[in-house]
Structure formats: C-alpha cells, structure tokens
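Here are some friendly notes to read alongside the model. They go from single residues to the whole chain and back again.

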Amino acid sequence: MITQHVALADVWGYIDPQGVAHFATERTDERYELFYKGDESFDTTQGLKAVSTALPVDVPTVPTKLLAFFDISPSYKLVKHHLREASTKLSIDYELLQALIVAESGFNSTAVSPKGAVGLMQIMPATAERYGLVGDPKNSIEQKLTDPKTNIRIGARYLSDLINMFPGQLDLAVASYNAGEGAVQKAGNRIPNFKETQAYVKTVLQLYNGLKPPALAEQRRQPSRIRMELSGGAVGRGNLPSVAGLP
C-alpha cells in the first residue's frame, strides 16, 4: 500500500460567463481564485477524520467570495426553495446540499458529465431508476433529471441514505456520493485512494464548514432516515476537475 500525504484544504474557484460556479482544491488554471483558505492535511491511507457534531472554534467564517456567489447567482436563486424543502423533509443540513451541488454542477441544472450523470446533483440515470424515476414517450430519464425539483429530490434521498449507511462519518457518505459506496466499503470503510475523490471530499466539507452559520455549528446533526442497500455512484461525475493519474 502506498502512503501518500496530501494537503487539500484550500478551495479555488471562479464563476464563468454563464454564472456557473467551478471549484477545485488547487488552482487548475488562471481563471481560479482562492475562495477558501484552510490549513488541514491528511494521510490518504487513513482517510479523513469524520466530521464531528461540533466544529472547532477556529473554523473560518463564510468566505466573502462564496457569499457573493450565492447573492448573485440566478441559477441558485431559482432552486433554493427546492433545497429548503429537501433539507426539511430529510433532515439534511441546507448548507451541505449547497456545498455538494456547488462541487457537482456549480448549480447548472442542465450539466451532463462524461460519465452520463445529469443535472444539479449529477445523478446517474440508473440511480434515478432505483428511486422510482421512469422515462416516458415525451421525456427520457435524462431529460427529467434536468428538472431541478426532481433532481434535488432524488439526489437528496440518495445522500440521506449514504449518511445513514455511514452514521457519524459524513466524510465517507460524501466520498460514496462521488465514487460509490462500494468503493468506500472495498477500501475498508475509508476514503478510497482516488485523488479525485479525496479532493472532492475536501472541497465539499470545506465549503460546508464555511457556509454553516457559526451560531448553529454546535447544533449540527448527522441526518438519519432510511437504511437500505445501495449501489451506484461514479468517480468523475461532477464539475470538479479531474486529477492527473486518476486510476
């Protein structure tokens, strides 16, 4: 087993002319600016520490540039009521859904990844079918997944089930959303040694910690709902740039 030490706490990003946000854990090209500065490092052979129910007192406040994105983004404003509904129904922190969608699609509801994942939460059609979505003569599953309400409803349910599968280990739930829970289980219930997945987990959790209101940080709860057996997820679904050498 290769031991690899990586520091991936910084979050870089930019907003393109269409108003879509792009984020990464390193400056991929000259368009990226530093959105969030962190100082954490971790050993990828051990995985990330589980997010505790109380944040350290020195967690930074919300980055100004990140707040500005949500203030001006028309694509975010069009779907935030769907996020609120899913958050309330499934007891998932609203800020976690924000962070995951930023990392997955930058709030572009028509985004389609090279792997075939669709929409805001980059859902694979096979995953959508498991949650009851079916195509019809007028609209295929892929077309239906571009509808924000449908996409968020299914993506949030899937995330809720992953959180339930790894109780108290939000990092593993987030890793499973990116690489598939099978990959996490195969890695011994640790974050798989995929550079993209490691970067993805750091990006989502760092954005989540930045967005979570400090006054409510100590009240953070690990959502808990349905427990079920799942399969799915795929590395490379969202807008997080691919990392060279990804297996």
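Where does Ser91 lie? Ser91 sits in the loop between α2 and α3, and point 2 comes back to it.

1. First, the ground rules. This is a predicted model, in which local features need pLDDT of at least 70 and side-chain atom pairs count only at pLDDT 80 or more, while totals for chains, interfaces and linings use all residues. Residues are numbered from 1 along each chain as its sequence is written, and side-chain values use heavy atoms, with hydrogens and water left out.

2. Please look at the backbone of Ser91 and Phe107. Most residues other than glycine have a negative phi. Ser91, although not a glycine, has a positive phi of about 55°, and Phe107, also not a glycine, has a positive phi of about 65°. Phe107 is found in the loop between α3 and α4 (125-130). Their surroundings can be read with these classes: buried means under 20% relative accessible area, exposed over 50%, and partly exposed in between (1.4 Å probe, protein chains only). Ser91 is partly exposed, because its relative accessible area is 24%; Phe107 is buried, with a value of 1%.

3. Now the overall layout. The protein chain has 9 helices and 5 strands, where helices (H or I, at least four residues) and strands (E, at least two) are DSSP runs, numbered from the N terminus. Along the sequence the pattern reads β-β-β-β-β-α-α-α-α-α-α-α-α-α. Of the 247 residues in the protein chain, 54% are buried.

4. On contacts and surface: a contact means heavy atoms within 4.5 Å. Among contacts in the protein chain between residues at least 6 apart in sequence, 66% join residues at least 24 apart. The chain exposes about 11600 Å², with carbon and sulfur atoms supplying 53% of that area; accessible areas come from the Shrake-Rupley method with a 1.4 Å probe, and for residues only the protein chains shown count as cover.

5. Helix α7 deserves a look. In α7 (residues 170-179), 10 of its 10 residues are buried, among them Leu170, Asp171, Tyr177 and Asn178. The buried residues of α7 pack against α3, α6, α8 (181-186) and α9. Just after α7, Gly180 takes a positive phi of about 100°.

6. Which residues are linked in a network of salt bridges? Asp93, Glu95 and Lys212 are, a salt bridge being a side-chain nitrogen of Lys or Arg within 4 Å of a carboxyl oxygen of Asp or Glu. The side chains of Lys212 and Glu95 meet at 3.7 Å, N to O. That pair links distant parts of the chain, with Lys212 in the segment after α9 (195-211) and Glu95 in helix α3 (residues 94-104), 117 residues apart. Lys212 counts as buried because its relative accessibility is 7%, and Glu95 is buried too, at 13%.

7. The structure holds 4 salt bridges. One of them joins Asp29 and Arg31, with the closest N and O atoms 2.6 Å apart; Arg31 is partly exposed, with a relative accessible area of 44%. Lys144 and Asp136 form another, at 2.9 Å between the closest N and O atoms. Lys144 counts as partly exposed at 21% relative accessibility, as does Asp136 at 35%.

8. The surface carries a patch of positive charge, formed by Lys89, Lys149, Arg153 and Arg157. Patches are made of residues with over 30% relative accessible area and no salt bridge; like charges are joined within 9 Å, and nonpolar side chains (Val, Leu, Ile, Met, Phe, Trp, Tyr) within 5 Å. Lys and Arg count as positive and Asp and Glu as negative, while His and the chain ends are not counted. The place of a charge is NZ of Lys, CZ of Arg, CG of Asp or CD of Glu. Helix α6 (residues 148-165) gives the most to this patch, with 3 residues. Lys149 is found in α6 and is partly exposed, because its relative accessibility is 45%.

9. Pro74 lies in helix α2 (residues 74-90) and counts as exposed at 51% relative accessibility. Asn193, in the loop between α8 and α9, is partly exposed, with a relative accessible area of 41%.
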